Amino acid sequence: MTYEMPPFRPPSEAYSMLLRVTRGCPWNRCKFCGMYKMFHFETRPVAEIKADIDEALRFYGDQPMNVFIGDADSPVIKTDDFVEILRYLHSQFPRIQRVTSYGRAKTLALMAPDKLERLRKAGLDRLHLGLETGDAKLLEFINKGATPEHMIKAGRKVKEAGFELSEYLMLGLGGADGWESHARKSAAVLNAIDPDFIRVRTMTLIPGTPFYEAYERGEYKPPTILDMLMEEKLLIECLDGIGSEFHSDHVSNLVPVFGKFMQDKTEMLETLAPVIERVEQNKDKLTNEPRIATVM
Ligand code: SF4
């Protein structure tokens, strides 16, 4: 069996069939990210991907399922090729329920709207975008390669083309000194986009990454647990006028906060309140030791 799987997928795609159209990330320069360092970015030949789809059909049979397409920025490939892959996928698996992929905001912000519409019509349903933060200085510091304006443009274009949109935000990224700005400016960008899903993860330093080296040089002061809880509270307080689902669906997060804006906003804040109160009572014991990943 020669089937090739993407090495990473979002938690919400844990039970999805995984299909790889590229290897790696065409950007691969975000300071905090250690995900695709082992790959040079490559586009896989369409014939090879179709052979994987045939192999998957032999393995799964035709059954209702979701499909996640990797790796980090699938819309960067030729739209004609992506459309051909999507059509073949749907022809082989007519009972597919949802097809999703990661996409970079910069790629999508620069993409012609008709190309996005063609992908949507060919059966790509949802795009997962890494916003990380709406703070321009912080985006520059992490070398995200996109500004808040790119983030808003990309998010709106994705929605206008008819996709479901998941935006990923990194709690703790602002550090001890920047959490307030990170929360406020991220909320402003998310309010301007109104994505279908806001999904939060909490900053974990990865040894060997430029971000870890910046931390060692003292350029990033990790937040305390209280800073991160206050940051999440402020973020939720500032999110306004949107209909997004909020998912704290990652093992790195401190508190399982879930809900739909705007109706569950109070309930989400009430989930955080007792935890914040408890941590505040023990404030003198808090440190700002970072979380450091032991495996990747
Ligand atoms: S765009 Fe995503 S996968 Fe690529 S380097 Fe940045 S965080 Fe990592």
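**Reading the sheet, the helix packing and the ligand shell**

Me: What order do the eight strands of the open sheet follow, and what is the pairing?

Reply: Two strands pair if DSSP finds at least two bridges between them, and strands (E, at least two residues) and helices (H or I, at least four) are DSSP runs, numbered from the N terminus. Here the eight strands form an open sheet in the order S1-S4-S5-S6-S7-S8-S9-S10, with mixed pairing. The edge strands, each pairing on one side only, are S1 (17–20) and S10 (258–260), and the twist from one strand to the next averages 20°. This is a predicted model, in which local features need pLDDT of at least 70 and side-chain atom pairs count only at pLDDT 80 or more, while totals for chains, interfaces and linings use all residues. Residues are numbered from 1 along each chain as its sequence is written.

Me: In which sense do strands S6 and S7 pair, and over how many bridges?

Reply: Strand S6 (residues 126–132) pairs with strand S7 (residues 164–171) in the parallel sense over six bridges, and Glu132 stands opposite Leu169 in S7.

Me: At what angle do helices H7 and H9 pack?

Reply: Axes are lines fitted to C-alpha atoms, for helices over the stretch in contact, and angles run from 0 to 180 degrees between N-to-C directions. Helix H7 (residues 175–193) and helix H9 (residues 225–238) pack at about 20°, with their axes 8 Å apart, and H7 is therefore roughly parallel to H9 (angles under 35 degrees count as roughly parallel, over 145 as roughly antiparallel, 65 to 115 as roughly perpendicular and the rest as oblique).

Me: How are H9 and H10 oriented to each other, roughly parallel or roughly antiparallel?

Reply: H9 and helix H10 (residues 265–281) pack at an angle of about 160°, with their axes 10 Å apart, and they are therefore roughly antiparallel to each other. By class, the contact of H9 with H10 has eleven nonpolar, no polar and five charged residues, where Ala, Val, Leu, Ile, Met, Phe, Trp, Tyr, Cys and Pro count as nonpolar, Asp, Glu, Lys and Arg as charged, and the others, Gly among them, as polar.

Me: Which residues are around the ligand?

Reply: A residue is near a molecule or strand if its C-beta atom, placed from the backbone, lies within 6 Å of it. The residues around the ligand are Cys25, Trp27, Asn28, Arg29, Cys30, Cys33, Met35, Tyr36, Ala72, Arg104 and Gly130, and by class this shell has seven nonpolar, two polar and two charged residues.
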